[in-house]
Amino acid sequence: MIRKAGLVLGLFVLSLPALAKGDVQAGEKKAMMCVACHGADGVSSVALYPSIAGQSEAYLVQAMQAYKKGERSGGQAEIMKAYVSGLSDEDIENLAAYYAQKSKPGQ
Ligand code: HEC
């Protein structure tokens, strides 16, 4: 039983790098619709909007999927839900790859 749990956990950890497969160029094209709130390079100039540049690709995918599925909801999350609801899983991966390779704010 314990060995089985270890195997499942091992497979999960191994599958994490597989998330990092987005296409940066394709993501850059889609990012046009994000600029107004998240800034030209993913560094926001509006205090209420988060900077997303330089976050890990896996985290960005996870965050966008959570808005899409309604796992992040209420308040400002509703804004994001509207923007990601029309994106495919591939769009989300590409956008994540694009923002992940940008420099974090102040760097
Ligand atoms: C109208 C403004 C607006 C637009 C356009 C917009 N966002 Fe957002 N975004 C927000 C706000 C506000 C939040 C914070 C929501 C919350 O409180 O969960 C957010 C949060 C996020 C987060 C989570 C950040 C974190 O640290 O958890 C990601 C990732 C993200 N946006 C990506 C995008 C992408 C990619 C696009 C373009 C497809 C986009 N956003 C378009 C306003 C916007």
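Select α4 (57-69) and helix α6 (residues 89-100). Glu57, Leu60, Val61, Met64 and Gln65 of α4 meet Ile92, Glu93, Leu95, Ala96, Ala97, Tyr99 and Ala100 of α6. Two residues are in contact here if their C-beta atoms, placed from the backbone, lie within 7 Å. By class, this contact of α4 with α6 has 9 nonpolar, 1 polar and 2 charged residues. Ala, Val, Leu, Ile, Met, Phe, Trp, Tyr, Cys and Pro count as nonpolar, Asp, Glu, Lys and Arg as charged, and the others, Gly among them, as polar.

The coordinates are those of a predicted model, in which local features need pLDDT of at least 70 and side-chain atom pairs count only at pLDDT 80 or more, while totals for chains, interfaces and linings use all residues. Residues are numbered from 1 along each chain as its sequence is written.

Keep the two helices selected and draw their axes (lines fitted to C-alpha atoms, for helices over the stretch in contact, with angles from 0 to 180 degrees between N-to-C directions). The axes of α4 and α6 come within 8 Å and cross at roughly 135°. α4 and α6 are therefore oblique to each other; angles under 35 degrees count as roughly parallel, over 145 as roughly antiparallel, 65 to 115 as roughly perpendicular and the rest as oblique. The crossing of α4 past α6 is right-handed, that is, the near helix is turned clockwise from the far one by less than a right angle.

Next, select Glu28, in helix α2 (residues 24-30). Glu28 counts as partly exposed because it has 16 C-beta neighbours inside 10 Å. The class lies between buried (20 or more other C-beta atoms within 10 Å of the residue's own) and exposed (12 or fewer), with C-beta atoms placed from the backbone.

Now select the ligand and its shell. Of the 19 residues around the ligand, Cys34, Cys37, Ala63, Gln76 and Ala77 come nearest; a residue is near a molecule if its C-beta atom, placed from the backbone, lies within 6 Å of it. At least two shell residues come from each of α3 (35-38), α4 (57-69) and α5 (77-84), and α5 gives the largest share, 4 residues. The shell has 15 nonpolar, 3 polar and 1 charged residues.

Finally, show the whole protein. It has 6 helices and 0 strands, taken as DSSP runs numbered from the N terminus (helices H or I, at least four residues; strands E, at least two). Buried residues make up 22% of the 107 residues. Of the contacts with a separation of 6 or more, 67% join residues 24 or more positions apart.
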